[in-house]
Amino acid sequence: MDYKRLAQETAQEILGYNQDTSGWKVVKTSKKITVSSKASKRFHGNLYRVEGIIPESTTKLSEFLYKPENRVTWDKSLKVYNMVHKIDSDTFICHTITQSFAMGSISPRDFIDLVYFKHCEGNMDIISSNSVDFPAYPPSSNYIRGYNHACGYICSPLKENPAHSKLVMFVQTEMKGKLSPSIIEATMPSNLISFILNAKDGIKAHRIPSGHGSHPNGHSSFLKKK
């Protein structure tokens with residue numbers, strides 16, 4: 001499989017979702033975070049759009065969201081988040097195991113995702129992910145293997161305050177198993193808001209001292225800009 005090509009196509013798809021303004025329905029707002037949804041074209045479920053403001057620069061926010069290290073220390077929805085194959089400086093494959101959701105009514109899932117970082121004009125960054133088959137990590141009987149159709153984050157400087165960032169997240173997760181769609185639709189918006197709040201707390205706790213492990217242009221060495 002040409003993982004790099006798939007990663008680049010997924011990033012382009014996420015950019016398309018960001019530019020698409022039609023058909024979104026607001027399903028939840030809380031603590032200045034808005035969750036909207038529309039029918040996914042990828043599967044019989046929803047594509048979710050989550051928007052919030054993060055009081056951190058776009059460079060640092062993108063780095064924080066992209067790095068696999070420390071992910072489980074702040075993302076309370078995950079039990080495991082491991083890079084299992086590095087393709088290049090801005091592309092890798094990860095294995096994740098989720099916590100249970102909805103007071104145990106949604107059991108843990110595991111995912112194998114292709115993660116990709118792309119820097120765009122206007123200091124906008126895209127971090128995309130898409131589930132892939134990876135022979136070294138076949139599905140196991142311990143977890144139901146879920147599937148993430150094109151998902152990702154778009155980080156960009158806030159126009160009114162470029163030291164802060166606008167974060168837009170797109171999620172279309174096929175949970176698999178025998179779940180009722182109504183359970184997923186009832187729980188997903190709250191889970192997505194919790195993710196943004198956890199990220200805000202996490203980046204505050206993991207602030208990197210200025211100049212630590214960074215290039216002179218402010219970008220960390222593992223984020224090779226294209």
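1. Eight of the eight residues of β7 are buried, so the rest of the structure largely encloses the strand. Strands (E, at least two residues) and helices (H or I, at least four) are DSSP runs, numbered from the N terminus.

2. This is a predicted model: local features need pLDDT of at least 70 and side-chain atom pairs count only at pLDDT 80 or more, while totals for chains, interfaces and linings use all residues. Residues are numbered from 1 along each chain as its sequence is written, and side-chain values use heavy atoms, with hydrogens and water left out.

3. β7 pairs with β6 (residues 109–120) in the antiparallel sense over eight bridges; pairing needs at least two DSSP bridges between the strands. Val115 has Ser129 as its bridge partner in β7. Three residues separate β6 and β7 in a hairpin, and Gly122 in the turn has a positive phi of about 75°.

4. β7 also pairs with β10 (residues 151–158), antiparallel, over five bridges. Ser128 has Gly152 as its bridge partner in β10.

5. Ser131 lies in β7 and is buried, at 3% relative accessible area. A polar contact of 2.7 Å joins its side chain to that of Asp113 (N or O atoms within 3.5 Å; within protein, one able to donate a hydrogen and the other to accept it, and sequence-adjacent residues count only if both atoms are side-chain atoms). The backbone nitrogen of Asn148 lies 2.7 Å from a polar atom of the Ser131 side chain.

Terms used: Buried means under 20% relative accessible area, exposed over 50%, partly exposed in between (1.4 Å probe, protein chains only).
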